[in-house]
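Have the sequence and the 3D view open as you read.

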Amino acid sequence: MAREKIQIRKINNVTARQVTFSKRRRGLFKKAEELSILCDAEVGLIVFSSTGKLFEFSSSSMKQIIEKQIMQSRIISKPDQLSNNLQLENGDYERLSKQLEEANRQLRFMRGDNLQDLTIEELQKLEKTLETGLHRVLHRKGEQIMEQINNLQKKGLQLIEENSHLRQQVEDMKKGKELAADLENVLNDDENSSNSITIISNSGNSRENDGSSDTSLRLGLSCAGWK
């Protein structure tokens, strides 16, 4: 049975139109994806439905594809301007190439290469240029040497100050130790003096006790004589 050919015209039924839109949109996006894969092409597809809803497909970045399309449209619409731009770019390229070539030539001369083609005037000019450059180099070298000397002097002063500070700390520590030793000696002397006083006091008491005993003894003897 042959497939009935659908007449291409607007579908009046809203529901049928929406169903057909969804089916055809999916098929269209599928074909676009196949085209991008098979042919290695950048494909961007934008579809708005009858209700204004957006559907899109892009093989890479939609933004880049749109920018490329806009640029291509400008090139096609303004071929004369593109030609002028290319001519300007070519002129700039030639000018820059000549400047680079001249700079390399002067650099070879300063190195002492390819001097056989120069005239006396050119050699004198080159000599003057080298002398000026050498003077600037020597001047800059002298400035750097003076900067290094100043930095070394500053570091030397800092080291002297740090050394003086360390010496002061050592002297303070020595004084602290001497004071501690003197205090310890004073305390030892006070302790020895206290012990001496205690011994003397004890000796005095013992002598008093001995005197009392002698007195008692003498009194006892006297009483016996009386009897």
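## Contacts and overall fold

Of the contacts in the protein chain between residues at least 6 apart in sequence, 15% join residues at least 24 apart. Please keep in mind that this is a predicted model. Buried residues account for 7% of the 227 residues in the protein chain.

How many helices and strands does the protein chain have? There are four helices and two strands, and along the sequence they follow the pattern α-β-β-α-α-α.

Is Ser36 buried or exposed? With a relative accessible area of 11%, Ser36 is buried, because buried means under 20%. Setting aside neighbours within four places in sequence, Ser36 is in contact with Ala41, Val43 and Ser59.

Moving on from the helix, you will find Asp40 in the loop between α1 and β1 (44-48). Asp40 has a relative accessibility of 72%, so it counts as exposed, the cut-off being over 50%. Its backbone deserves a look too: phi of Asp40 is near 50°, a positive value in a residue other than glycine.

## Ser49, between the strands

The loop between β1 and β2 (54-58) holds Ser49. Ser49 counts as buried because its relative accessibility is 10%. Which residues does Ser49 touch, not counting those up to four places away in sequence? They are Phe21 and Phe55.

Ser49 can also be placed relative to Ser22: the two are 27 residues apart in sequence, and their C-alpha atoms are 9.4 Å apart in space.

## Aromatic rings

Arg25 lies over the face of the Phe55 ring, at 4.1 Å from the ring centre.

## The largest pocket

Rolling a probe the size of a water molecule over the atoms shows where empty space is left. The largest pocket has a volume of about 360 Å³. It is lined by 13 residues, and those closest to its centre are Arg9, Ile11, Arg17, Thr20 and Phe21.

What classes of residue make up the lining of the largest pocket? Four are nonpolar, five are polar and four are charged.

Methods: Residues numbered from 1 in each chain as written. Predicted model: local features only at pLDDT ≥ 70, side-chain atom pairs only at ≥ 80, totals over all residues. Heavy atoms only, no water. Lys NZ or Arg CZ within 6 Å of the ring centre and 35° of its normal. 1 Å grid on protein atoms, 1.4 Å probe; cavity = no way out; pocket = protein on both sides within 12 Å on 5 of 7 lines; lining within 4 Å. Points joined across faces, edges and corners; volume = space filled by probe spheres on them. Nonpolar A, V, L, I, M, F, W, Y, C, P; charged D, E, K, R; others polar. Buried < 20%, exposed > 50% of the residue type's maximum accessible area, 1.4 Å probe, protein only. Contact = heavy atoms within 4.5 Å.
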